[in-house]
Amino acid sequence: MACATARSPADQDRFICIYPAYLNNKKTIAEGRRIPISKAVENPTATEIQDVCSAVGLNVFLEKNKMYSREWNRDVQYRGRVRVQLKQEDGSLCLVQFPSHYTLSLTSGS
């Protein structure tokens, strides 16, 4: 039986993903919106989400060719996802005001 090695929270494949659909006030919950409409914005782009997260001081990178699985529209403006690091190598939070992906999404959307 092989023992799986624990991956570090600082590995890029462990960063959380934020798709524009999560923050789009034009989407329903069934279509992928994850925050309240009052906190959501109209048609955000992955680049805008990246800019907001970078301005706050988080380590982010943009994957331009990724698509949200529930997104039926394949236009360029709906493509992309942002990967955000919430935890450091030792497991502590990068920024204490963002303990989870939900708190980060609420901040990115408003």
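Which residues does Val 60 touch, not counting residues up to four places away in sequence? In this predicted model, the contacts of Val 60 are Gln 50, Cys 53, Ser 54, Val 82, Arg 83 and Val 84. Val 60 itself belongs to strand E2. Its relative accessible area is 13%, and because buried means under 20%, Val 60 is classed as buried.

The protein chain contains two helices and three strands, and their order along the sequence is β-α-β-β-α. Of the 110 residues in the protein chain, 36% are buried. Among contacts in the protein chain with a separation of 6 or more, 56% join residues 24 or more positions apart.

Helix H1 spans residues 46-56, and Ala 46, Ile 49 and Cys 53 are buried within it. These three residues lie on the same side of H1, because they cover an arc of only 60 degrees around the axis. For Cys 53, the relative accessibility is 1%, so this residue counts as buried. After H1 comes Gly 57, which has a positive phi, near 110 degrees.

In soluble globular proteins, nonpolar side chains tend to be buried together. The largest nonpolar core here has 21 residues, and those with the most contacts inside it are Ile 18, Cys 53, Leu 58, Val 84 and Leu 104. Two or more residues are given to this core by each of E1, H1, E3 and helix H2 (101-109). H1 provides the largest share, three residues.

A pair of aromatic rings is described by the distance of the centres and the angle of the planes. The model has four aromatic pairs. One of them, formed by Phe 15 and Phe 61, is tilted, with 5.9 Å from centre to centre and 55 degrees between the planes. This pair connects distant parts of the chain, since Phe 15 is in the segment before E1 and Phe 61 is in strand E2 (residues 60-63), 46 residues apart. Phe 15 and Phe 61 are both buried.

Tyr 22 and Tyr 68 make another pair, with ring centres 5.4 Å apart and planes at 90 degrees, so the arrangement is edge-to-face. Tyr 22 is in the loop between E1 and H1, while Tyr 68 is in the loop between E2 and strand E3 (81-84), so the pair ties together parts that are 46 residues apart in sequence. Both Tyr 22 and Tyr 68 are buried. Together with Tyr 19, they form one aromatic cluster. Arg 34 lies over the face of Tyr 22, at 4.0 Å from the ring centre.

The loop between E1 and H1 holds other residues of note. Pro 36 is located there, between strand E1 (16-18) and H1. Its relative accessibility is 35%, so Pro 36 counts as partly exposed. Beyond residues up to four places away in sequence, Pro 36 touches Tyr 102 and Leu 106. The C-alpha atoms of Pro 36 and Asn 24 are separated by 9.7 Å, and these residues are twelve residues apart along the chain. Asn 43 is in the loop between E1 and H1 as well. Although Asn 43 is a residue other than glycine, its phi is positive, near 45 degrees. At 30% relative accessibility, Asn 43 counts as partly exposed.

How many disulfides does the structure hold? A disulfide is a covalent bond between the sulfur atoms of two cysteines. The structure holds zero disulfides. Cys 17 is partly exposed, with a relative accessible area of 24%, whereas Cys 53 is buried at 1%.

Methods: Residues are numbered from 1 along each chain as its sequence is written. This is a predicted model: local features need pLDDT of at least 70, side-chain atom pairs count only at pLDDT 80 or more; totals for chains, interfaces and linings use all residues. Side-chain values use heavy atoms; hydrogens and water are left out. Buried means under 20% relative accessible area, exposed over 50%, partly exposed in between (1.4 Å probe, protein chains only). Helices (H or I, at least four residues) and strands (E, at least two) are DSSP runs, numbered from the N terminus. The arc is that of the directions from the helix axis to the C-beta atoms. Contact means heavy atoms within 4.5 Å. Rings of Phe, Tyr and Trp (its six-membered ring) pair if their centres lie within 6.5 Å; planes under 30 degrees apart count as stacked, over 60 as edge-to-face and the rest as tilted. A charge sits over a ring if NZ of Lys or CZ of Arg is within 6 Å of the ring centre and within 35 degrees of the ring normal. A disulfide is a pair of cysteine sulfur atoms within 2.5 Å. A nonpolar core is a set of buried Ala, Val, Leu, Ile, Met, Phe, Trp, Tyr and Cys residues joined through side-chain atoms within 4.5 Å.
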